[in-house]
Amino acid sequence: MDDIFLNGNFIAKSEASISIMDRGFLFGDGVYELIPVYNKKPFLINKHLARLKNSLNMIGMQEIDNIKEDILKFINRSNETNYHIYLHITRGEQSYRNHVYPNDIKPTIMIMSEKYPCFNEIQITAGFKATVQNDFRWQKSNIKSISLLGNVLLKKHASENNCYESLLIKNDLLTEGSASNVFIVKDKTVYTPKLNKDLLPGVTRNFLIEILDTKNISVKETDITLNNLLNSDEIWCSSSTNPVVPIIKVDNSIIGKGKVGEYSLLAFKEAQEFITSY
Ligand code: PDD
């Protein structure tokens, strides 16, 4: 759909505009969500909206009234079946540039549809490469902030090195990827970094933990060192754009047998099955 939803109105994308005084434009002051739509149904929308509420609260903003209704209106109006909803909320427009925000500012709310490339089964079973990078981002990575410069630089670095992802290390511990969460497998146990302020509480991360649990595979949420990462049997990245992306090589280290492993494939297939029947 070419129309976007901006502050209560549907408008052609090419005609939509916001003020240059919007704090999102000037300061990257805002938060966002990316919600998959499968078969015209938003996937795990309540989980995304719960995270949105937390992100808003953590930056001192109120919950947005009727946001769920607006998303559903957007989906109803669209004639597309499978896509992603990009929801972008900034603190709003201020008459002059000032780091200090007023408390009575009206947020800018935008919803648009995006189509992100989803890997097919052939690509998934071939596996991807990743690189380890220092997690130099700020100390509130649990907020889904629109200020993504650190993530942007880290993802570009990965891309330029033919890697799917930069896997981020802070104080010798794995946090997440530049745009994904990370799981590892060692000796038939699945691990993922425990939630804290250094990583986003991924909706897909939680979905995979729950779906693996139904297969009697319990995921251990714990600290993972760089050494654990590089010596793991399997690694995969998770996100709303591609739920399971297996990693078979990290810089010069071959992961496991250098092939996509059984747990990664199982997670991928279970996620696919769930999504297809959603
Ligand atoms: N990003 N960590 C980071 C830094 C992310 O940017 C993302 C997703 C995730 C995974 O979260 P979820 O499973 O809820 O999508 C983890 C989205 C897809 C993006 O920015 O486009």
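A residue is buried when its relative accessible area is under 20%, exposed when the value is over 50%, and partly exposed in between. The exercises below apply to a predicted model.

**Exercise 1. Describe how helices H6 and H8 pack, and which kinds of residue form their contact.**

Step 1. H6 covers residues 203-213 and H8 covers residues 262-276. Their axes are 10 Å apart, at an angle of about 100°.

Step 2. Angles of 65 to 115 degrees count as roughly perpendicular, and H6 is therefore roughly perpendicular to H8.

Step 3. On the H6 side, the contact is made by Phe207, Leu208, Ile211 and Leu212. Their partners in H8 are Leu266, Ala267, Glu270, Ala271 and Phe274.

Step 4. Sorted by type, the contact residues are eight nonpolar, no polar and one charged.

**Exercise 2. Classify the ring pair of Phe43 and Phe274, and find which parts of the chain the pair ties together.**

Step 1. Rings pair if their centres lie within 6.5 Å, and planes over 60 degrees apart count as edge-to-face. The count of aromatic pairs by this rule is 13.

Step 2. For Phe43 and Phe274 the ring centres are 6.2 Å apart and the planes stand at 70°, so the pair is edge-to-face.

Step 3. Phe43 sits in the loop between strand E4 (41-42) and helix H2 (45-58), while Phe274 belongs to helix H8; the pair thus ties together parts 231 residues apart in sequence.

Step 4. Phe43 is buried at 5% relative accessibility, whereas Phe274, at 36%, is partly exposed.

Step 5. Both rings belong to a cluster linked by ring pairs, made up of Tyr38, Phe43, Phe207, Phe274 and Tyr278.

**Exercise 3. Locate Lys40 and Asn66, and give the phi value of each.**

Step 1. Lys40 is in the loop between strand E3 (30-38) and E4. Its phi is near 65°, a positive value in a residue other than glycine. Lys40 is partly exposed, at 37% relative accessibility.

Step 2. Asn66 is in the loop between H2 and helix H3 (67-77). Phi of Asn66 is positive too, near 60°.

Terms used:
Residues numbered from 1 in each chain as written. Predicted model: local features only at pLDDT ≥ 70, side-chain atom pairs only at ≥ 80, totals over all residues. Heavy atoms only, no water. Axes fitted to C-alpha atoms, helices over the stretch in contact; angles between N-to-C directions. Helix = DSSP H or I, 4+ residues; strand = E, 2+ residues; numbered from the N terminus. Parallel < 35°, antiparallel > 145°, perpendicular 65-115°, else oblique. Contact = heavy atoms within 4.5 Å. Nonpolar A, V, L, I, M, F, W, Y, C, P; charged D, E, K, R; others polar. Phe/Tyr/Trp six-rings, centres within 6.5 Å; stacked < 30°, edge-to-face > 60°. Buried < 20%, exposed > 50% of the residue type's maximum accessible area, 1.4 Å probe, protein only.
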